[in-house]
Amino acid sequence: MVSHLVRTIRNVVGITGNVISLFLFLSPVPTFVRIWKKGSVEQYSPVPYLATLINCMVWVIYGLPMVHPDSTLVITINGAGTAIELVYLTLFLIFCHDKKKRLKVLLIALVEVVFMALVAALVLTLAHTTERRSMVVGIIAILFNIMMYASPLSVMKLVISTKSVEYMPFFLSLASFANGVAWTTYAFLPFDPFIAVPNGLGTLFSLAQLLLYATYYESTKRIIAARKETKMEVNLSEVVVNGNHDPKKTTRAT
């Protein structure tokens, strides 16, 4: 009776985690809409998307029935996440005008795909029980899950140096926090250290990002307002200069 209740709660939390994770994966959409409109990736970093891609791929392998049985909810959301991140990286490559940076991102993505294919092949051929397969893939999953949650730390450094959160998407941080809480709860029903450890740490990383956002939100508004004011002054100066340059008043030597 108790085990049935725990399984039911686990499934409910897992489904909730799937929904929150989907919001996490879709949270960068406003960022890419902005990139699309401006035709440039500007100072946005590809690191969070590369980290999330390899994280999703390793969790797909972890959730396979021959690796970790009864983990369908892990496969469904991470399979969707893999597809979504590939779309983001494709758009990043299209709108990245730095050839060296574009090549670097492409090579990293290809290395990630090849690496995960090798992991899957080696685990399925060399480890002969689900316990061993779960342990090997679980350890790798912990590393990449922490990497995904910690990936915005590079952006946090930019935030602190510029005192602006303009390039640290709020909804990505918020969705990461909610995602970490949901999957940490899921990991305790029953206890799964491979899910609990990275998502527990991820919750703390995401909380740090939200606190940073709250700290620099007001200064960001002032910086953006000042930038707009400067741009308006420059445009006004150009209008004045062009207005003073009247061709009819220009004399030509004969």
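I started with K163, which sits in the loop between α7 (153–162) and α8 (170–187). Helices here are DSSP runs of H or I with at least four residues, strands are runs of E with at least two, and both are numbered from the N terminus.

**Ground rules.** I noted that the model is predicted, that local features need pLDDT of at least 70, that side-chain atom pairs count only at pLDDT 80 or more, and that totals for chains, interfaces and linings use all residues. Residues are numbered from 1 along each chain as its sequence is written, and side-chain values use heavy atoms, with hydrogens and water left out.

**Positive phi.** I read a phi near 55° for K163, a positive value in a residue other than glycine. K163 counts as partly exposed because its relative accessibility is 47%. The classes are buried under 20% relative accessible area, exposed over 50%, and partly exposed in between (1.4 Å probe, protein chains only). I then checked D70, also not a glycine, and found a positive phi of about 60°. D70 lies in the loop between α3 (47–62) and α4 (72–95). At 60% relative accessibility, D70 counts as exposed.

**Fold.** I counted nine helices and zero strands in the chain. Buried residues make up 42% of the 254 residues. For contacts (heavy atoms within 4.5 Å), I took pairs at least 6 apart in sequence: 79% of them join residues at least 24 apart.

**Largest pocket.** I used a 1 Å grid over the protein atoms alone; a pocket is an open set of points where a 1.4 Å probe fits, with protein on both sides within 12 Å along at least five of seven lines, and lining residues have an atom within 4 Å of a point. The largest pocket has a volume of about 280 Å³; volume is the space filled by probe spheres set on the points, which are joined across faces, edges and corners. Its lining has 16 residues, with V165, E166, P169, F170 and Y213 nearest the centre. Which helix gives the largest share of this lining? It is α9, with five residues. I find ten nonpolar, three polar and three charged residues in the lining. Nonpolar means Ala, Val, Leu, Ile, Met, Phe, Trp, Tyr, Cys and Pro; charged means Asp, Glu, Lys and Arg; the others, Gly among them, are polar.

**Second pocket.** The second largest pocket holds about 200 Å³ of space.
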